[in-house]
Each structure stands twice: as C-alpha cells, then as structure tokens.
Amino acid sequence: GGLGRPSLTIDPELREVLRRFVPAVGGRGVVQLSSYVDLALASFLVSGAIATIGYVMPLYLLSIAVFGFSVAVSELTEMSRSVAGLDAVAARVRSAQRRVLLPAGLVTAGAIGAGGVVVGSLYEFVNDLVGRSTFSSQDTTAVALTLAAFAVGLPAAMVARVSQNALYALGDVRGPARIAIARLGVGAVLGFVLMLQFDRIVVGDI
C-alpha cells in the first residue's frame, strides 16, 4: 500500500480504541495492582512480611499466567470471532472455565498440601546449594502458609480471567473494570482487617 503518511486526524475507529483503552488496562491490571496493595499492607506488619510476600508472588502469578492467562488469551480471539450470538459465547466460556478449573484445583491442592516442599525446594535448598543460609526452615513454613492462603483464591482468579474475556468479546470493557475496582477495594479492606489478627501468629521460636 505504499508509505503511510502521519496524520493527527482521529477517525471513529481510533476514537473507539482510545475510549476502551483505560478501562481495559484497569481491568487487566487488577492482579498487579492487587500485588502492590498486598505489599503496601505488608509494610505495616512485622519485619520480614514484605520479604515473605515477595517470595510468594512469583509462584502465585506464575500459576495464573501459565494456566489461566494462556486459556483466556486463546479463547478471547475465538469468542470475538463468534457470530452465532450469546449462546455460542456462553458455551465457549463454560468450556474454557472447565479447562482452567482442573489445573487450578491441582495447583491449589498442591500449594496447600505440599507448599512446604515446593518452597523448601525452590528457596531453602537453592540457598544452601549456593552457600547462603539466609533462608531458614522457619522462613519456609511462613512462606508456605502464605502461599496456601493465596492459593485459595487461585481458581476464582483464573475463572474471572476467562469471564472477563467473554465481556471483552461482547464489547463491554467498563463492566470488568468496575468489578476489578470493587474487588480491589474489598480485598484491601479485608486484608487490612485480617492482617491485624494474623500478624500475631508466630512461626517457630520467638
């Protein structure tokens, strides 16, 4: 088609993209924003709380990215192409939710039942292997318990990602953004209330 010519003209298609951009980014980025809120809340807790969250977040986000995001991204294009109406989109949503719930359930069960083994293998064993003894067995227990708490919400986070894509495919970007903001607010309030109680729990010797 030849070389493009720069233009400041905003056509209807570009205007529609710009209108949807901010709520789409807000809805998509709620996981990262929630991580920042968790870190901010952890800064009010005892020494070592931020480090514990820092050890947990890569494991938690990796699980969502591998199992939840991969299915959600592949389904978004298919649902967007669908011209068969709401019933076809709903059928794809149910199918995608079933596909993410199985690995989500397995990861959640593994994090709760064998979190200590996973954390110990990744952090404690590796630190010992390279000659660093900064990560103790008590740290492993604390990180494993925190990972188990995060893992409880893992299936809901993965299913929510698929449902969010269904709304995007139907042209609704503001709905997921409003839900994401509400979820962030509720999570921040509950986190603040509960952290005051669980901050008194001691792992290992004082």
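1. Helix 4 (residues 86-129) packs against helix 6 (residues 154-169) at an angle of about 160°, their axes lying 8 Å apart. That angle makes helix 4 roughly antiparallel to helix 6 (angles over 145 degrees count as roughly antiparallel, under 35 as roughly parallel, 65 to 115 as roughly perpendicular and the rest as oblique). Axes here are lines fitted to C-alpha atoms, for helices over the stretch in contact, with angles running from 0 to 180 degrees between N-to-C directions.

2. The model is predicted: local features need pLDDT of at least 70, side-chain atom pairs count only at pLDDT 80 or more, and totals for chains, interfaces and linings use all residues. Residues are numbered from 1 along each chain as its sequence is written, and side-chain values use heavy atoms, with hydrogens and water left out.

3. On the helix 4 side, the residues meeting helix 6 include Val 89, Val 93, Ala 96 and Val 100; on the helix 6 side they include Leu 154, Pro 155, Met 158 and Val 162. Contact means heavy atoms within 4.5 Å. The residues of this contact divide into 13 nonpolar, three polar and no charged (Ala, Val, Leu, Ile, Met, Phe, Trp, Tyr, Cys and Pro count as nonpolar, Asp, Glu, Lys and Arg as charged, and the others, Gly among them, as polar).

4. Helix 4 also packs with helix 5 (residues 137-151), at about 145° and with axes 8 Å apart. This crossing is right-handed. The contact holds eight nonpolar, six polar and one charged residue.

5. The 16 residues of helix 6 should span 22 Å at 1.5 Å a residue, and the end C-alpha atoms are 23 Å apart, which agrees (the expected span is 1.5 Å times one less than the number of residues). Buried residues of helix 6 include Met 158, Arg 161, Asn 165 and Tyr 168 (buried means under 20% relative accessible area, exposed over 50%, partly exposed in between, with a 1.4 Å probe and protein chains only). Just after helix 6, Gly 171 has a positive phi of about 95°.

6. Overall, the protein has seven helices and zero strands (DSSP runs numbered from the N terminus: H or I of at least four residues for helices, E of at least two for strands). Of its 206 residues, 31% are buried.

Key
A crossing is left-handed if the near helix is turned anticlockwise from the far one by less than a right angle, and right-handed if clockwise.
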